[in-house]
Amino acid sequence: MKLFRRAKRTPDYDPDGSDAELLAAVACGDSSALEHLHRRHAPWLRARLRYRCSDPDLVDAALQETFLAVWKNARTFTPRDADGDAGAWIWTIAIRQLISQLRRRANQWIGDTDPEPYEPVGEASAEDLVLLRIEHGPLGVALNNLSPELRLAIQATILDGLTVREAALMLQIPEGTVKTRVMRAKAQLREQLT
């Protein structure tokens, strides 16, 4: 006896509704819901990934793989609070995809690729200039003197602008640990800069 899978009915959703509603529709195979999620999250994901990697091709590849993973795994999303925001979940996927892209590049044989021509990105934005001053100024030196755990916590929450919850998910540590590390990092930075 052959069993047939019943076609799932896509739940009704508001394109401006919560991420959880859109992901429920994506889980049922609605590609337009994925398109709405992409429009909502891709710009800030690209901006944050660019802080982690200066290669726009790798960032684009990671972003594409991120939404492919969202398409395949939408049913695994479980909202933690009432608002159903999936930003932290998608960010976790995106940063892992970027790491995967970086590993692939590192494993590439150098002789297999032609060197890419230099391509100017354009004028640096005000945000880029501020980050550049942080990196090469006294704060950058102080940040480099922090332990890797404290530096990652302060980078995720202060420089990348992640919430404590998002940073905890990205770093795979409890939220309380993120708060403690940020507090310790701020105290050490204060000592070094005064």
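Why does Cys28 count as partly exposed? Cys28 counts as partly exposed because its relative accessibility is 24%, where buried means under 20% relative accessible area, exposed over 50% and partly exposed in between (1.4 Å probe, protein chains only). The model is predicted: local features need pLDDT of at least 70, side-chain atom pairs count only at pLDDT 80 or more, and totals for chains, interfaces and linings use all residues. Residues are numbered from 1 along each chain as its sequence is written, and side-chain values use heavy atoms, with hydrogens and water left out.

| Cysteine | Relative accessibility | Class |
|---|---|---|
| Cys28 | 24% | partly exposed |
| Cys53 | 7% | buried |

The structure holds 0 disulfides (pairs of cysteine sulfur atoms within 2.5 Å).

Helix α9 comprises 19 residues, 175-193, and reaches 27 Å from its first C-alpha to its last, close to the 27 Å expected at 1.5 Å a residue. Its buried residues are Val178, Val182, Ala185 and Leu189. Seen down the axis of α9, these fall within an arc of 65°, so they line one face of the helix. On the other side of α9, Lys179, Met183, Arg190 and Glu191 are exposed.

The cover over the buried residues of α9 includes α6 (138-145), α7 (148-159) and α8 (164-171). Helices α7 and α9 pack at an angle of about 100°, with their axes 8 Å apart. That makes α7 roughly perpendicular to α9 (65 to 115 degrees). Residues making this contact (heavy atoms within 4.5 Å) include Leu150 and Ile154 of α7, and Val182 and Ala185 of α9.

Notes
Helix = DSSP H or I, 4+ residues; strand = E, 2+ residues; numbered from the N terminus. Expected span 1.5 Å × (residues − 1). Arc of directions from axis to C-beta. Axes fitted to C-alpha atoms, helices over the stretch in contact; angles between N-to-C directions. Parallel < 35°, antiparallel > 145°, perpendicular 65-115°, else oblique.
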